[in-house]
Amino acid sequence: MWGSGKLNKRTILPSETATLTPSSAPSPGPAPDGLPALIAARTADVGRNREKQRRRRLRAMAWLLGVPAAFLWFRLAVGDPFNVFSFPDFDPLVVMPLLFFALLAVVLLAGTVGAGRSPHVMYRPEQIKTRLDDVIGIDPVKEDVVRSLNLFLAHKQFADEMGGTPRRGLLFEGAPGTGKTHLAKAMAAEAGVPFLFVSATSFQSMYYGATARKIRSYFKKLRKVARQEGGAIGFIEEIDAIAMARGGLSATVAPDSVSAVAHGCGSLHALPTSFALSHTAGATVINQNITSEGVGGVVNELLVQMQSFDEPTGTQKIQTWVIDKVNLVLADDRQLPRPIPPRTNILLIAATNRADNLDPALLRPGRFDRRLTFELPAKVGRRQLIDHFLKTKAHSPELDDDVMRDQVASATSGYTPVMIEHLFDEALVNAVRRGQREMSMGDVERARMVEEVGLGQPVAYTDHERKLISTHEAGHAVAA
Ligand SMILES: Nc1ncnc2c1ncn2[C@@H]1O[C@H](COP(=O)(O)OP(=O)(O)OP(=O)(O)O)[C@@H](O)[C@H]1O
Ligand SMILES: [Mg+2]
C-alpha cells in the first residue's frame with residue numbers, strides 16, 4: 001500500500017497525490033515540516049521493476065538448472081546414470097602448456113582491462129546511515145530533491161501516463177561543506193536503490209584514452225545496476241575535474257532554461273554571483289585555455305554517456321543482430337519485430353564548487369536538468385544546525401538555553417554546516433584539555449576564536465623592542 005512503509009512518514013502534497021499515487025491512496029494529514037512525502041520505493045515503479053527482474057532471473061535459473069537436471073534424470077531413467085564427478089582423462093603434456101598460455105593471456109590482459117574499469121564504490125541503502133531528516137537548514141533544496149526523487153521512483157507513471165520526461169540529472173553546486181554529498185547520500189538511502197559513488201578525479205588515468213573508457217564503464221555499470229534493481233542513483237563528486245568548458249566555449253553556462261530553473265536555499269532564485277553578473281551584463285567568458293585533445297575527448301564522452309541511458313542491453317543487441325539476419329530473407333509483411341530498448345531508471349547527481357566553469361553543453365535540459373545551489377545557512381538554518389549537532393555532542397546545561405544557542409547562531413555568520421560541526425568538535429577538544437567530559441559556552445567561544453583568528457603564536461621581545469612598542473602604543477593613547 002502506498003501510504004505504508006518507513007519512508008512515507010511525511011504528507012503527500014495534494015499536487016503529488018493527484019499525479020504520482022494511485023487513486024486508492026489514503027489522504028494523510030498536513031505535513032509537520034512542510035516537505036512533500038517520499039513515495040515508498042517498494043510499491044513504486046522502482047519496486048515493481050525490481051520484482052519483475054527478480055522473477056525473470058528465477059525463470060532463467062529454472063531453465064539453466066532444468067535442462068541439465070532433465071538430462072541427468074533421463075540417463076537415470078534409461079539405466080545409464082551419468083556420474084557428474086567423473087572427469088575425462090586429460091594428457092598432462094597437453095593440459096600444462098594450455099594452462100600456461102591461458103595464464104599468460106590473463107596476466108597480459110589484466111592490466112589493460114583493469115585500466116578501464118569503473119572506479120566507483122557501490123553502496124546499498126542499508127549501508128548509508130544518513131537520512132533526509134539529518135539534512136538540516138536547506139529546506140527549499142530538500143523539497144526540490146524530494147520532488148525529483150518522487151519522479152524517479154514513479155518514473156513509469158510519469159512517462160507513460162502523463163507523457164513527461166523524467167529528470168535524469170541534478171547538479172549540486174555550492175561552497176565546500178554546504179552539504180552536497182550529505183544530501184546525495186540521504187537521497188540514495190531514502191530512495192531504496194543502489195548508490196554508485198565516484199569521485200571525478202578517479203576517472204583520470206595516465207594512459208591516453210583510459211579516462212574515457214573509465215567513464216564509459218561507470219555509465220555501463222550504472223545502466224546494468226539500474227536494470228537489475230529497478231533504478232540506481234549515480235553520484236559524481238567534484239565533476240569539474242573532468243567537465244571543464246572545452247576550449248573556445250563559453251564557460252558561463254547560460255541557457256535561459258537553466259537560469260529559469262536554478263534554485264537557491266531560502267527559496268530565492270539565486271545563481272552564483274559570477275553567472276548572475278555575466279548574465280545580466282550580457283557578458284560571456286570565453287574559455288581561451290588551450291585544452292588538449294584528451295580533455296575535450298573526456299567532456300565529449302561525458303556528454304555522449306549522459307544520453308546513453310536507454311541503450312539496448314547486450315542480449316538485445318544479439319537478438320537484434322539475429323533478427324536482422326533472419327529479416328533479410330523474410331518478406332516485408334513478415335518481418336520479425338526488433339526488441340525495443342528498455343527505459344532505464346537512472347538519476348545522476350553531480351556536485352561541484354565551480355559550476356560556472358563547467359561545459360555549457362552539460363547543463364542543457366536533458367543532461368543536468370536541474371541545478372540546485374547550496375547557499376550558506378542563514379541564522380535560522382544555523383540555529384537548526386546547532387540544535388541538530390548538540391543532540392549528539394556532550395554539552396553543559398548552559399548550552400541548552402535558547403538565548404545561548406541564539407548567541408552561537410549569531411556569532412557563526414558565514415559558517416558552512418561542516419564548519420559549525422567542526423566548531424563543536426574543537427570545543428569538545430577544549431573541554432578534554434580542561435579535564436571535562438562536556439563542552440561549555442567558554443569552550444565554544446575559544447574554539448570560535450581559533451577557527452577565525454588561528455592559534456596564538458607566543459613571541460619573545462627584547463627589552464629594546466618592548467620599549468619601542470610601548471612608545472608606539474603610548475602615542476596612540478595620547479592621540480586618542
Ligand atoms: N545541511 C546539513 N545538515 C547537517 N549536516 C550537514 C549539512 N551540510 C553538511 N553537513 C555536515 O558536513 C559534512 C560535510 O558535508 P558535505 O561532504 O556534504 O559537503 P560538500 O558540500 O559535499 O563539500 P565539498 O564541496 O567539499 O565536497 C557532512 O558530513 C555533514 O556532517
Ligand atoms: Mg562533497
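E237 is buried, at a relative accessible area of 15%; buried means under 20%, exposed over 50%, partly exposed in between (1.4 Å probe, protein chains only). This is a predicted model: local features need pLDDT of at least 70, side-chain atom pairs count only at pLDDT 80 or more, and totals for chains, interfaces and linings use all residues. Side-chain values use heavy atoms, without hydrogens and water.

Start at the metal. The magnesium ion (ligand 2) is coordinated by T181 (OG1), E237 (OE) and E237 (OE), at 2.0 to 2.8 Å. Donors are N, O and S atoms within 2.8 Å of the metal (3.2 Å for Na, K and Ca); water is not among the atoms, so sites may look incomplete. T181 sits in helix α6 (residues 180–191) and E237 in strand β4 (residues 232–237), so the pair ties together parts 56 residues apart in sequence. Helices (H or I, at least four residues) and strands (E, at least two) are DSSP runs, numbered from the N terminus.

The largest nonpolar core has 34 residues; F152, F172, L183, I233 and I349 have the most contacts inside it. Such a core joins buried Ala, Val, Leu, Ile, Met, Phe, Trp, Tyr and Cys residues through side-chain atoms within 4.5 Å. Helix α6 gives the largest share of this core, 7 residues. Apart from it lies another core, of 30 residues, among them V198, A200, I215 and L302.

Finally, V329. This residue is exposed, with a relative accessible area of 71%. V329 is found in the loop between α11 (314–327) and β6.

Technical notes:
Residues are numbered from 1 along each chain as its sequence is written. Chains are lettered from A and ligands numbered from 1 in the order in which they are written.
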